[in-house]
Amino acid sequence: CIMEKMYVCSFNEGKKEMTDLLGLKGASLAEMTRIGIPVPYGFTITTEASRKYYGDGNLVDPLLEEEIRSKLEELEQVIGRRFGDPERPLLLAVRPSAPVRGLTLGRSILDVGLTRETVEPYARSLGDRTFALDCYARLIRTYSTAAYGMKKELFTDIVNGRMAASRVSSAADLSEEDEESLVQAYEELVRGANDGRFIPQDPKTQLMDAIVSGFDCWQAPEIRQWKKACGVPEDLGIAVTVQAMVFGNKDEHSGTGVAFTRNPVTGEKQICGEFFRKAQGEDISTNRAYPGSLEKMTAAFPEAKKNFIQVCNVLEEHYRDVQSVEFSVDAGRLYILQTASAGRTAQAAVKTAVDMVEEKLITRREAVMRLRTDQVEYLIHSRFSREDEDGATLIARGTPASPGAANGQIVFTAEDARQKKSRGISTILVCRDIAPEGLSGMRYADGVLTAAGSRSIYAASLAGGQGVCCVTDCPDLTIDEEQGLLRIGDAEFARGDYISISGFNGRVYDGRLTVQPPYDWDAFGKIMSWADSFRHLRVRVNADTPEDAALALRLGAEGVGLCRSERMFYNEERAAVMRRAVLAPSPAVRREMVQKMMEFQIRDFTEIFRIMCTRPVTIRLLDPSLSVFLIGAEDDFRTMASEWGISEEEVRERASSLYEVNQTMGERGVRVGIEYPDILSMQAEAIFRAAAAVAREMEKEPDPEILVPFVVSGRELAQVKKLIRDAASRVREEEERTVEYRLGSMIEVPRAALTAGEIAEEAEFFSFGTNDLTQLVMGLSREGSGHIVRKYRERKILDRDPFLTLDQEGVGRLMMYAVEAGRKTRPNLKAGICGTHAGDPDSIDFCSRIGLNYVSCQARQVPVARLAAAQADI
Ligand code: PEP
Ligand code: MG
């Protein structure tokens, strides 16, 4: 390994860090050799060599051939056999070794070095012609599939035919005649498919061609496509390993297997796997061997099994991770062919990480880094088993909007969901979209499926907050509410039919899939508490109800980062009061209604303060245009008119004077408070009265924060601030108690970000509303642009949905500017994020890097956010 460009590297010259040069397999074989694991010896043709080959127009450099020759001689010496020798040949296994994970190339060529001519003397010297023919048949099969691109199944069909004719159920039991006829049939097949061409009958040419086929496979169109999709650089080469063959197919004392050093499903510390008698690795995937458990190996090969357990322990200790190990036993002797970090379920990932910390194999930091956020998401929500999903009938696909899984009868109204729930029937609420009025009923459903929208719409965020799984943006749905029918493509479902939805992958299934309960146990709590010790970013919850707040607290939230106070009016009783306040015919009626609103608010805030105790609770003043409460309220207009003794026309006129063409940019946010100061003062007073009451009751101070939405200038905030201060003094006098609070500004309009320095003169904290900020920065509606985002992603204009993952170059840059400008004015300015992005791991990483103090996400996302925040800091 001293040459500047290294083309070939013996196993004893490499190590695990050299994956760029040796590929994953080559590096792992070198590492195992280095630490004394019994690996069939060999060498690796490096990625440098393949790059030179591609650079030279797919020609092999003579220097490479020379190096291979010299390494081959070295290998002959180690093994004590000569390559090409007719009687005691050194046979080789040639395998491509990619430097990146996630790809199964499956192009190994076995028994290289055997020819039609040498197979007979080889058979004679072994005294076993069946085995020699089996080796030659394997060479033809593996060579032709790897180098000529022939389909494996063509060969499998021939073997299966032979097995059927000879009435045996394993290839291990084929006779000498069977093997002879296999070789013949293979030869005919290969010649027939390749214009008479057959595999080279000269061992050296065989070897070089096998190596070249390894290089070539890296340029195959399907692999190129995969590399492109995974962002693997075009010029990354591939390595090829060349190893002495070991023969799991040799005799009754031979076999092959795959094992895991710990159970990859449960995480139990117990070696498990499968062992196949008298077989080689390729037989496993083609079902040509009898499968058996590792226990069977103990009975047949006690010595090899004992060694294997030792090796597994050494490998796990060395790699400090669960390994999946491929091995062979050749006439009773154990050889390890491959080791790699094992794939595992979410449950196993948690258990093995925690166990390994306790065994002092890894540090807490490493354990936290090993857990993936998608695994955490999976662990805390109900889910379907993979087998059930695979076997179910998929009827539609949408956007996963809130994780979890649910089955239930189709219902089209929240009222229907409520009634069924009272009878213990689970439901999936199916609707075109969800209007604010429908939101309160959503909690009665087990899942929500909507045709329109994307994850950031109210429906999704509310569903997520309530732990209801949700799939949105499913354009194939047509809903005929009157007939009680749901059509998906040609299929028709009636109200009451069962469907199942997965909020993990957006899939909708026919019928009733079993829902598995969320996984919740000690090991999970332990790893999450370790994660907490590494993060500076605080994690809060977006909670509008005491239920959300309590759930979030159980999941580890450290406060409420956003309580959207308007949502407390999303039920008919309260919406009616709000409507009467807005349309009141006299100041007296208005005062009476505002007073009633205050009573509701005091009740809600009190509950939330009680749950959160001394933790911060950010309450946002009313945000939407109040005209949203007038939509679809025709019946109530009539009632109001008769209550107030005025004409229905008068009520309607007042309502239409409040109508806004574009509510998103209308009289909303802080503009509501400025237009209706009595409502704003009422909200502030409700917060202070609730805080004072809870402080008295708990003898501990709640920590309220008042958040003003949709601010565009410091002057707006200054006006609001005065009203809030007055409310605070009123409460102080009446309650004889001072309530400490902080006033903050949402930063969700680009102007607010650009004038953050001035806004910070009034605001003690910022909360980035990245839903509106993304909408306004990108000029993309947060509720109706799923189709644009989808097309833009297909056309590679957008990489991700900007409403799910922060657009760091655009929206992110504004945030960065605002934090900096804000802290220039007020160095201790606290800043957080409360848009949907606060639950997305990549966005959390960004928020951590730009110096935010907290993220505030949906209740169910709290554990994911805790882990992502820790990983951002490690
Ligand atoms: C936001 O805009 O990001 C936000 C949190 O507010 P809302 O979603 O209620 O508009
Ligand atoms: Mg907003």
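A salt bridge is a side-chain nitrogen of Lys or Arg within 4 Å of a carboxyl oxygen of Asp or Glu. This is a predicted model, in which local features need pLDDT of at least 70 and side-chain atom pairs count only at pLDDT 80 or more, while totals for chains, interfaces and linings use all residues. Residues are numbered from 1 along each chain as its sequence is written, and side-chain values use heavy atoms, with hydrogens and water left out.

**View 1. A network of salt bridges links E566, R620, D623, R668, D772 and R782.** A search of the whole structure finds 68 salt bridges.

**View 2. R579 and D636 form a salt bridge, their closest N and O atoms being 2.6 Å apart.** Because R579 lies in helix α22 (residues 572–583) and D636 in helix α24 (residues 634–644), the pair ties together parts that are 57 residues apart in sequence; helices here are DSSP runs of H or I with at least four residues, numbered from the N terminus. Both R579 and D636 are buried, where buried means under 20% relative accessible area, exposed over 50% and partly exposed in between (1.4 Å probe, protein chains only).

**View 3. Within helix α7 (residues 176–193), E187 and R191 lie 4 residues apart, about one turn of the helix.** Their salt bridge brings the closest N and O atoms to 3.0 Å. E187 counts as buried at 17% relative accessibility, whereas R191, at 31%, counts as partly exposed.

**View 4. K351 and D355 meet through their side chains in a salt bridge (2.9 Å, N to O).** These two residues are 4 apart in helix α13 (residues 346–358), and therefore separated by about one helical turn; K351 and D355 are both buried.

Definitions and conventions: Chains are lettered from A and ligands numbered from 1 in the order in which they are written.
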